[in-house]
Amino acid sequence: MAIIATTPIHGSGENGPGHSGTLCNLPLNQVIQGDSVELIRELPPSSVHLILSDIPYGIGAEDWDVLHDNTNSAYMGSSPAQEKAGAVFKKRGKPINGWSEADRAIPRQYYEWCSTWATEWFRVLKPGGTVFVFAGRRFSHRCICALEDVGFSFKDMLSWVRDRAPHRAQRVSVVFERRGDEASAKDWAGWRVGNLRPTFEPVLWFTKPYKIGTTIADNALNYGVGPYNEEAFLRYMNSPDNIVNCGFASGESGLHPTQKPIRLMQALIDLTTKPDQVVLDPFAGSGSTLVAARSLGRSYIGYEMEPNYVAVCRSRLDETGLLPFMRLT
Ligand SMILES: C[S@@+](CC[C@H](N)C(=O)[O-])C[C@H]1O[C@@H](n2cnc3c(N)ncnc32)[C@H](O)[C@@H]1O
């Protein structure tokens, strides 16, 4: 269990924009080691302006990404080809063949896992506040349903287009060649098993509904959130489109197998929050959300289960004052 030093702030109450309102304790500007599903219960209601998180996708890419009870031994193995290529993900998820009842339960169990934290996310977010979730293409629909079912509005799906994407799609002719079946290898030349190159990832955009009988403008005055800042977004992107191209800055990547670019996180934070507001990432990884928040003068709260990634977060945050803002302008 984490040791949490709290920072008293004015703010997280119901009465004012940003930090005006009731006095309460929040673990501001900290990365807390532990299970966020439990730790988030310690936050006061309506205390956070934005939740921006790259959640486990449930595709079995790493141990922390296995969110079901399917014990099929193919899961979490690694293929010789993967090891030879030094692939980003050291493990391979189980092939999606839908052979067994346990296979078919995986998406539903992902929904159930999302439901273990969705209610708390709803409780701690301010009315009108935004949730951005990076979720995988295969199970993001289950995450959408879990968040909708606790009261969030699903506002949009952004598409983050990466500059690099590993393409794992085995040529089926290779299998026939290995079997010595040259005729089938020739017949199936050019055919692959798997997917097209995964160049985009969904970013799910939710809002917590504002109070009945008020407008979004009232909500902005009451809670400091609700509208989005297009002008700020255009400092990072060339157009206000929901397809967002963004790669890593030189030397930035390599800290986490599912790391996200700081500039992308900055764009999303600047789009939906003002300086001094509170950004929460319950699945912090190497801390890209937190570094982006700090660089933009926002307060942050990060939870991360793995102690080695907590250490990476802290060291990146220590250096953040030295980082240049990664804006286009
Ligand atoms: C998808 S990664 C986030 C990577 C991050 N976006 C970055 O740029 O480095 C998700 C992280 O959540 C952590 N995690 C998984 N379950 C958790 C839990 N219940 N509580 C806290 N952290 C958890 C994992 O250890 C992993 O580092």
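Q: Is Ser46 buried or exposed?
A: Ser46 is buried, because 21 other C-beta atoms lie within 10 Å. Buried takes 20 or more other C-beta atoms within 10 Å of the residue's own, exposed 12 or fewer, and partly exposed is in between, with C-beta atoms placed from the backbone. This is a predicted model, where local features need pLDDT of at least 70 and side-chain atom pairs count only at pLDDT 80 or more, while totals for chains, interfaces and linings use all residues. Residue numbers start from 1 along each chain as its sequence is written.

Q: And where is Ser46 found?
A: In the loop between H1 and strand S4 (48-54). Helices (H or I, at least four residues) and strands (E, at least two) are DSSP runs, numbered from the N terminus. Ser46 has a positive phi of about 50 degrees, although it is not a glycine.

Q: Which residue other than glycine has a phi near 55 degrees?
A: Asn29, and the value is positive. Asn29 has its place in the loop between S2 and S3. With 17 other C-beta atoms within 10 Å, Asn29 is partly exposed.

Q: What about Leu28?
A: Leu28 is found in the loop between strand S2 (23-26) and strand S3 (30-33). It counts as partly exposed because 16 other C-beta atoms are within 10 Å.

Q: Changing topic: at what angle do H3 and H4 pack?
A: About 40 degrees, with the axes of helix H3 (residues 101-124) and helix H4 (residues 140-149) 8 Å apart. Axes are lines fitted to C-alpha atoms over the stretch in contact, and angles run from 0 to 180 degrees between N-to-C directions.

Q: Which residues of H3 and H4 meet?
A: On the H3 side, Pro107, Tyr110, Tyr111, Cys114, Ser115 and Ala118; on the H4 side, Arg142, Cys143, Cys145, Ala146 and Leu147. Residues are in contact if their C-beta atoms, placed from the backbone, lie within 7 Å. By class, this contact has nine nonpolar residues, one polar and one charged. Ala, Val, Leu, Ile, Met, Phe, Trp, Tyr, Cys and Pro count as nonpolar, Asp, Glu, Lys and Arg as charged, and the others, Gly among them, as polar.

Q: What do the buried residues of H4 pack against?
A: H3, strand S5 (125-134), strand S6 (153-161) and strand S9 (200-207). The buried residues in H4 are Ser140, Arg142, Cys143, Ile144, Ala146 and Leu147. H4 is followed by Gly151, which has a positive phi near 125 degrees.

Q: How many residues of H9 are buried?
A: 11 of its 11, so helix H9 (residues 262-272) is mostly covered. Buried residues make up 38% of the 329 in the protein.

Q: What is the mean pLDDT?
A: 86, and 81% of the residues reach 70 or more. Over residues 1-23 the pLDDT is below 50. pLDDT is the predictor's confidence in each residue, from 0 to 100. Where pLDDT is low, predicted coordinates should not be read in detail.

Key:
Contact = placed C-beta atoms within 7 Å.
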